[in-house]
Amino acid sequence: MKTRLTELLGIEVPVFQGGMAWVAEHKLASAVSNAGGLGIIAAGGADCDYVRDQVRRAKALTDKPFGVNIMLMNPAAEDIARMVAEEGVPVVTTGAGSPEKYMSMWKEAGVKVIPVVASVALAKRMERCGADALVAEGCESGGHIGELTTMALVPQVVDAVSVPVLAAGGIGDGRGMAAAFMLGAEGVQVGTRFLLAEETQIHENYKDRVARAKDIDSQVTGRSTGHPIRVLRNQMTREYLKLESEGATLDELEKLTLGALRKAVVDGDVKNGSVMAGQIAGLVSKRQTCREIIEEMTTEAQKVIREKCRLLDI
Ligand code: TUI
C-alpha cells in the first residue's frame, strides 16, 4: 500500500499507532513498526530520561522507523525535543500545542516532523515552518481533542496544504481507513484499536472496559476548562460532569483528573480513573497482535474500495 507517506518514511503501510500517554511504550511501538506501520512512543507527561530510555529500548527491538510523540504541555517538552534530535529518532509527532520553536532543530537533525493538528489554521502554520506531513485529528479521538469531526476536518486540511495528511479520530477498521482515503488522507493514525493489542502493556481492566464499551459510552470532560478530554464514562466522569455543570472551579475539577490516566492504565482503577478512548471504542473488541490489526485493516480497506468501485461500475 504505497502513498507519499510510505515513501517519505520508508514504511510498508500508511498506518501510525497513536502516541497514547502511559500506553504507548517501546514494546507496542516496536511491534507496530515491525509489522510495517509506524510505531510511536508517547512522551505524555514523562521526564526526558524515561523517554530516552524508551527510545533506546525501541532501537534494540526494531530496525524499522519509529516515532516519538511529544505532548507539548509537558514541562519537559523542550528537553525531550532536544533528546529526539540527539538520539536521531526518525519521526516526531506533537500534540496539544504548536512545536514551531523546535522545528529548525529537528529539520537540521534529519528528524521527520509530523505535527498533530485540529484546525486548518495550525495546519497551514505547520506547513510554512517545515512540517513533512500532518496528522489531522478529529474530535472522535480519545484524549485531548479539538472542535471538528474527522469528516469535516480532514478534507479542509487536505485542501489547505500540499504535504501528505493522515486522518485520525474514529478510525478503527478497514472501512474507516478507506473513508479516510476518500477524504484525501494518505494514511491513518489509529489509537483506540491498539489499546487491545496483545503487545499493549496496560492493566487488564482498561482493556476490558474498552472491549465492553458501547457506542454512546464516550464522554468529554473539561469543556469548560479549555482542556477537553474524551474518555469512557464511569464514576469519575459522572462526578466531573456534575461538578462542571454546577460551575466548579478549575482546582476542584483538576482534583478529579490529576493522575487519573495513570490510575486507570497502571492501577486498573477504571471507576475513578480516566479511561481515555475514542468514539470508535464500541467497534473495538478483538484482542489481536499489532501485525493482525494492521493486516486486517489494510486488506479490509482494499476490499471495500474494490467492492465499491464494482458496485458503482468504476
Ligand atoms: O494531544 C492529543 N491528545 C492527547 S495529549 C494527552 S496527555 C494529557 N493528559 C492529561 C491531560 C491533558 C493531556 C491525551 N490526549 N492530540 C493531539 C491534539 N492536539 N488534539 C488537539 C490538539 C491541539 C489543540 C490545540 C493542537 C494545537 C492546539 O493549539 C495550538 C495553537 O497554538 O494553536
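How many salt bridges does the structure hold?

Tutor: This is a predicted model, in which local features need pLDDT of at least 70 and side-chain atom pairs count only at pLDDT 80 or more, while totals for chains, interfaces and linings use all residues. Residues are numbered from 1 along each chain as its sequence is written, and side-chain values use heavy atoms, with hydrogens and water left out.

The structure holds 21 salt bridges, a salt bridge being a side-chain nitrogen of Lys or Arg within 4 Å of a carboxyl oxygen of Asp or Glu. One of them joins Glu296 to Arg193, with 3.0 Å between the closest N and O atoms. This pair links distant parts of the chain, since Glu296 lies in helix 14 (residues 290-311) and Arg193 in helix 9 (residues 192-195), 103 residues apart; helices here are DSSP runs of H or I with at least four residues, numbered from the N terminus.

Turning to the domains, whose bounds come from an automatic or database assignment, domain 1 covers 4-201 + 281-311 and domain 2 covers 214-276. Their centres, taken over C-alpha atoms, are 24 Å apart. Between the two domains the count of salt bridges is zero, although four residue pairs, both at pLDDT 80 or more, are in polar contact across the interface, meaning N or O atoms within 3.5 Å, one able to donate a hydrogen and the other to accept it, with residues adjacent in sequence counted only if both atoms are side-chain atoms.

In contact terms (heavy atoms within 4.5 Å), 14 residues of domain 1 meet 13 residues of domain 2. The buried area, which is the accessible area (1.4 Å probe) lost by the two parts on being put together, summed over both, is about 1,000 Å², with 67% from carbon and sulfur atoms. Trp22, Gly143 and Ile145 supply 46% of what domain 1 buries against domain 2, more than any other three residues.

Notes. Helix = DSSP H or I, 4+ residues; strand = E, 2+ residues; numbered from the N terminus.
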